[in-house]
Amino acid sequence: MEKGLSGLRGRDFELSDVFYFSKKGLEAIVEDEVTQRFSSEELVSWNLLTRTNVNFQYISPRLTMVWVLGVIVRYCVLLPLRLTLAFIGISLFVIGTTLVGQLPRSSLKNLLSEVVHLTCCRICVRALSGTIHYHNRQYRPQKGGICVANHTSPIDVLILTTDGCYTMVGQVHGGLMGIIQRAMVKACPHVWFERSEMKDRHLVIKRLKEHIAHKKELPILIFPEGTCINNTSVMMFKKGSFEIGGTIHPVAIKYNPQFGDAFWNSSKYNMVSYLLRVMTSWAIVCDVWYMPPMTREEGEDAVQFANRVKSAIAVQGGLTELPWDGGLKRAKVKDTFKEEQQKNYSKMIVGNGSLESELD
């Protein structure tokens, strides 16, 4: 904005300069780069599902018949088969982890836990007609490390666990997700926390540090964005994951939207309705890129390290990198951030000090 304004004038502020800011404000309202990341991405062409391009107006009779045929196939053929597989996978998972959880801590328990996790997650991925392409498997997260990935959906966990086991870190859920979480923690030392409890945050960091101190423990899986983003972008990584030390193993996940919408809009759909939408799509197709491990460089703070990892994931996955906090999905912009932007605008309007000179 500062460069655009400087191109309009090489003089002091004039009243006509207000139009430039008005134009930028209207552009931000019409196409806000933040809030549109919390709704399903638009498609270039219709994929015969409910979601379509907003500019798509006309459906021919022939295309309508194809769509009706697709509805019959998806709801009457695929859905019953997928529900059966999902029921088998989830039931075996809950039963298996509960039984393994009764065993004393030993290498046998760890082995059985990994077998249960891998087997049941692979069954659940089949229930979604999942087709996953893994790239650079030589960089798969190693024990004692931390795996960080961009976050689009709860099924990100299934996608990654199909190829290896992890210690999970995430928010406590209720309902079906809560049942699965309570079963998981019996067989493997997963870490669940309440987002609203500050005490939990410090306890989580402490437990994570203890976990990575043991190099034989499973790698920790963390989604630093803290919320689901719509498969087009990577938003701000919370610094907590990068303060505990250890080796970071970045992973980029990119879904193909032509076959189904994997994004979970948690403010609009609960877990059951979301899974029903996914199971009535054509398939879940995605690419997973394992990336070379990264460590914190000398003189680099946690925020800079988090931004460096985020940039690497965005480039690898072909995603847009945004500096905004994913927490804006549920909360308003902080007043301090608004005041900072207002100060920047005032510097540009007055013209007696640019942002660059201020930084210098």
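The model is predicted, with local features requiring pLDDT of at least 70 and side-chain atom pairs pLDDT 80 or more, while totals for chains, interfaces and linings use all residues. Residues are numbered from 1 along each chain as its sequence is written, and side-chain values use heavy atoms, without hydrogens and water.

Over residues 84-103, the chain is 90% helix and 0% strand, with 29 Å between the end C-alpha atoms. Helices (H or I, at least four residues) and strands (E, at least two) are DSSP runs numbered from the N terminus. Leu103 lies in the loop between helix 3 (61-101) and helix 4 (107-127). Leu103 is partly exposed, at a relative accessible area of 33% (buried is under 20%, exposed over 50%, partly exposed in between; 1.4 Å probe, protein chains only). Together with Leu108, Leu111, Leu112 and Val115, Leu103 makes a nonpolar surface patch of about 410 Å². Areas were computed by the Shrake-Rupley method with a 1.4 Å probe, and for residues only the protein chains shown count as cover.

In strand 2 (residues 146-149), Ile146 and Val148 point one way, Cys147 and Ala149 the other, and all are buried. Strand 2 pairs in the parallel sense with strand 5 (residues 220-222) over 3 bridges and with strand 7 (residues 248-255) over 4 bridges; pairing requires at least two DSSP bridges between two strands. Ile146 has Ile220 of strand 5 as its bridge partner, and Val148 has Pro250 of strand 7.

Terms used: Patch = residues over 30% accessible without salt bridge, like charges linked within 9 Å, V, L, I, M, F, W, Y side chains within 5 Å. Salt bridge = Lys/Arg side-chain N within 4 Å of Asp/Glu carboxyl O.
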